[in-house]
Amino acid sequence: MTYTHIKIPQAAEKISVRNDKLRVPGNPVIGFIEGDGIGPDITRASLRVWDAAVEKAYGGKRKIHWCELYMGEKAAGLYDGDYFPQESLDAIKDLVVAIKGPLTTPVGGGFRSLNVSLRQTLDLYACVRPVRYYEGVPSPMRRPEEVDVVIFRENTEDVYVGIEYASGTPENEELSRFLREKLGAKFFDKAGLAVKPISPFGSKRLVRKAIQYALDHNRESVTLVHKGNIMKYTEGAFRNWGYELAKEEFSNDVITEEELYDRYGGQQPEGKLVIKDRIADVMFQLLQLRPTEFDVIATMNLNGDYLSDAVAAQVGGIGIAPGANIGDHVAVFEATHGTAPKYANQNKVNPSSLLLSGVLMLEYMGWGKAADLINAAYPKVIAEKFVTYDFARQMDGAHTVSTSTFADALIAKITGSSEDLARFEQERRAALQRERKEREAQRMANPVEAMKASGRQPTTAAGIMSAIVSVPADAIVEDAMHSMRKHDISSILVEPHSDGQWGIMTQRDIVTKIVGANKSAANTKVSEIATKPLITVQPDLTLPMLSEKMASHGIRRVIVEDKAVPIGIVSETDLFRIVEEFGWDVEE
């Protein structure tokens with residue numbers, strides 16, 4: 001491919017995709033965009049740190065060949081005022097991996113945002129924001145070290161698609177009339193209108209990438225964050241499609257949170273990833289109070305925007321938060337803050353957001369050893385209070401240094417004794433594994449308390465069902481009664497006989513059909529007094545609908561079945577316990 005201003009290094013080899021996998025040579029070409037404002041300062045510093053880490057990690061056997069690409073103000077100077085040149089877009093697709101500094105969106109230039117345009121033009125549908133605490137970084141939290149999450153934010157749908165109609169415009173009036181007259185919608189006159197598209201395609205590919213990341217990086221869980229209790233057909237659908245995708249494509253690798261408690265007693269099976277979900281507003285609270293309960297998060301565009309910035313504030317602020325926009329393979333890593341033009345060319349600002357985005361980039365390339373060196377060196381420099389002005393003003397006795405000097409300090413740590421740095425990162429990961437086992441022990445010891453603490457609110461039959469106990473159809477009633485007493489249950493399932501139907505025998509059956517009928521429990525088979533057919537429900541039936549079904553049939557319990565096989569039982573007592581333990585909040 002021929003370019004006008006972009007120069008591809010001749011001594012390098014391009015990253016390619018083969019069999020749906022990234023193939024990274026030892027001498028890859030990586031595109032970089034300096035960005036505007038403080039972009040050049042932080043890019044120059046970060047490039048030196050990344051190069052030093054790669055050199056140290058691989059002893060000179062691997063090397064990144066950097067290729068400058070152009071967007072924003074620098075591009076406008078080269079491409080006759082074009083802030084968003086097609087040449088740079090083509091180069092990003094050709095090189096597969098790129099990294100960029102912050103960009104200024106031109107006023108009146110036809111762009112809502114250069115960043116949004118980049119994501120949409122290249123279909124970079126997953127905004128990936130890892131948020132973890134580095135020891136020594138100033139934080140407003142008492143225990144910021146508990147935060148270690150990766151947020152996957154859907155980039156191409158939701159209200160960010162820009163389908164909006166301003167109040168008073170002809171388009172707004174036409175849409176308002178259609179909504180009111182054809183669909184019966186009610187809203188105030190002259191309201192601005194926006195459309196919130198959420199599709200199965202967009203939702204599933206985002207959740208697919210989040211699950212695959214969690215599996216590849218030995219993470220514990222993926223949480224689907226939504227406001228589906230209110231927006232049932234958009235955010236609620238996102239949740240449902242996420243569970244569907246997990247079941248369809250990762251059935252051998254994942255379990256639901258309901259299965260974790262109901263089938264495995266809180267003990268996470270080796271090699272299994274837990275899929276769960278939380279309501280968005282509750283999630284904001286939980287990430288402050290119980291951050292260790294969450295690992296990888298998958299959510300829609302607007303929720304992800306709020307959550308990623310809010311969590312970043314817990315570990316030091318958006319100024320040090322890394323990020324990436326990733327498609328099926330093409331990935332653009334980026335600083336997540338703005339251009340801060342008043343500090344441009346002063347060699348003053350903190351380069352951490354871009355720097356740590358480069359760490360994420362190295363991990364994406366499979367160069368984890370180099371990434372680990374930077375991750376381990378970073379807190380060592382912070383601990384010595386050798387920091388830029390933004391951190392220095394929050395620390396006693398800090399040494400305020402320039403952007404480039406901060407990079408020098410990191411390079412000194414990286415090029416020193418790498419054994420110490422490697423051990424530091426290994427110890428951190430070992431501590432995370434110990435914490436995972438501690439949470440597992442708590443779940444197993446007191447599952448109800450663990451559910452409450454983690455913010456889990458059971459909402460379906462599968463979430464509150466008890467395990468079934470069954471006896472053969474020709475079992476004697478007396479023996480079945482002994483089994484019921486042994487298991488402390490008030491009913492027992494009766495397995496199919498010649499008619500192929502399951503049945504149920506309850507304590508009331510004993511009272512009315514044995515004692516009341518003056519029969520012998522020692523000489524009567526359970527099939528003679530069992531109730532058939534069973535009243536059954538599907539695992540995903542909501543609790544209000546479950547209660548309604550029990551009331552309409554005048555029964556105290558129902559059987560939960562999957563593919564015509566009983567898998568659990570729910571009684572009025574179970575419903576009472578859930579209301580007592582968790583409360584019962586109606587939609588807000």
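Val 494 stands opposite Gly 503 in strand S20, where strands are DSSP runs of E with at least two residues and helices are DSSP runs of H or I with at least four residues, both numbered from the N terminus. This is a predicted model, in which local features need pLDDT of at least 70 and side-chain atom pairs count only at pLDDT 80 or more, while totals for chains, interfaces and linings use all residues. Residues are numbered from 1 along each chain as its sequence is written, and side-chain values use heavy atoms, with hydrogens and water left out. The protein chain holds 22 helices and 23 strands.

**Overall dimensions and packing**

- Along the principal axes, the C-alpha atoms of the protein chain fill a box of roughly 95 × 65 × 50 Å.
- Of the 588 residues in the protein chain, 50% are buried; buried means under 20% relative accessible area, exposed means over 50%, and partly exposed lies in between (1.4 Å probe, protein chains only).
- Considering contacts (heavy atoms within 4.5 Å) between residues at least 6 apart in sequence, 70% join residues at least 24 apart.

**The three-stranded sheet**

- Strands S18, S19 and S20 form an open sheet of three strands in the order S18-S19-S20, with mixed pairing; two strands pair if DSSP finds at least two bridges between them.
- Strand S18 (470–471) and strand S20 (503–506) are the edge strands, and each pairs on one side only.
- Strand S19 (residues 491–494) runs antiparallel to S20, and four bridges join them.

**The eleven-stranded sheet**

- Eleven strands make an open sheet of mixed pairing, in the order S4-S3-S5-S15-S14-S6-S7-S13-S10-S12-S11.
- The edges are held by strand S4 (65–68) and strand S11 (254–256); each has a single partner strand, so one side of each is left without a neighbour in the sheet.
- On average, neighbouring strands of this sheet are turned by 25° against each other, direction ignored; the axes are lines fitted to C-alpha atoms, for helices over the stretch in contact, and angles run from 0 to 180 degrees between N-to-C directions.
- Strand S3 (residues 29–33) pairs with S4 in the parallel sense over four bridges, and Val 29 has His 65 in S4 as its bridge partner.
- A right-handed β-α-β unit is made by S3, helix H1 (residues 39–58) and S4; a crossover is right-handed if, with the strands pointing away from the viewer, the path from the first strand over the helix to the second runs clockwise.

- S6 (residues 126–132) and S7 are antiparallel and pair over seven bridges; in S7, Val 150 is the bridge partner of Pro 130, and Asp 148 is that of Arg 132.
- S6 also pairs in the antiparallel sense with strand S14 (residues 322–326), over three bridges, and the partner of Cys 127 in S14 is Asn 325.

**Helix H9**

- Ala 280, Met 283, Leu 286 and Leu 287 are the buried residues of helix H9 (residues 280–289).
- These residues cover an arc of only 100° around the axis, which puts them on the same side of H9; the arc is that of the directions from the helix axis to the C-beta atoms.
- An α-helix has 3.6 residues a turn, so residues three or four places apart point the same way.
- The cover over the buried residues of H9 includes S7, strand S10 (221–226), strand S12 (273–279), strand S13 (296–299), helix H10 (301–314) and helix H16 (447–454).

**Two buried residues**

- Thr 156 lies in the loop between strand S7 (148–154) and strand S8 (164–165), and is buried with a relative accessible area of 18%.
- The side chains of Thr 156 and Glu 154 are joined by a polar contact of 2.6 Å; such a contact is a pair of N or O atoms within 3.5 Å, and within protein one must be able to donate a hydrogen and the other to accept it, with residues adjacent in sequence counting only if both atoms are side-chain atoms.
- Not counting residues up to four places away in sequence, Thr 156 touches Asp 123, Tyr 125, Val 161, Arg 205 and Asn 301.
- Ile 382 belongs to helix H12 (residues 368–383) and is buried, with a relative accessible area of 1%.
- Ile 382 and Val 137 are 245 residues apart in sequence, yet 6.5 Å apart in space, C-alpha to C-alpha.
- Leaving aside neighbours within four places in sequence, Ile 382 has contacts that include Glu 135, Gly 136, Val 137 and Phe 406.
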